[in-house]
Amino acid sequence: MIGFGAEPDGVICSRAGCRAAADWRIEWRNPKIHTGDRVKTWTACEDHVDFLEAFLEARSFPLERMRLAPAVGS
């Protein structure tokens, strides 16, 4: 979550409590409530990408994992 008026330094991991830079993008949807054109996105660091993906797979949510492009200047 971003505070009022604050800009993030970069993309951070979506895992609760993690503030690490994200390396991965996980696009997913809940087919029970989302139509095929509605996709949600989580971002993940190397430490949490498998955890977040397993969470979604355990619920049989369709997903796709993609590596994020490196930040400019990295």
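Ile26 has contacts (heavy atoms within 4.5 Å) with Lys40, Thr41, Trp42, Ala44, Val49, Leu52, Glu53, Leu56, Leu63 and Glu64, leaving aside residues up to four places away in sequence. This is a predicted model, where local features need pLDDT of at least 70, side-chain atom pairs count only at pLDDT 80 or more, and totals for chains, interfaces and linings use all residues. Residues are numbered from 1 along each chain as its sequence is written, and side-chain values use heavy atoms, with hydrogens and water left out.

**The nonpolar core**
- Ile26 belongs to the largest nonpolar core, whose eleven residues also include Cys13, Trp24, Leu52 and Phe61.
- Such a core is a set of buried Ala, Val, Leu, Ile, Met, Phe, Trp, Tyr and Cys residues joined through side-chain atoms within 4.5 Å.
- Two or more core residues come from each of β1 (24-28) and α1 (49-58); helices (H or I, at least four residues) and strands (E, at least two) are DSSP runs, numbered from the N terminus.

**Thr43**
- Strand β2 (residues 40-44) holds Thr43.
- Thr43 is buried at 13% relative accessible area; buried means under 20%, exposed over 50% and partly exposed in between (1.4 Å probe, protein chains only).
- Its side chain reaches the backbone oxygen of Ile12 at 2.5 Å.
- Beyond four places in sequence, Thr43 touches Val11, Ile12, Cys13, Ser14, Ala22, Trp24 and Leu52.

**Ser60**
- Ser60 sits in the loop between α1 and β3 (63-67) and is exposed, with a relative accessible area of 60%.
- The phi of Ser60 is positive, near 60 degrees, in a residue other than glycine.
- Most residues other than glycine have a negative phi.

Terms used
A polar contact is a pair of N or O atoms within 3.5 Å; within protein, one must be able to donate a hydrogen and the other to accept it, and residues adjacent in sequence count only if both atoms are side-chain atoms.
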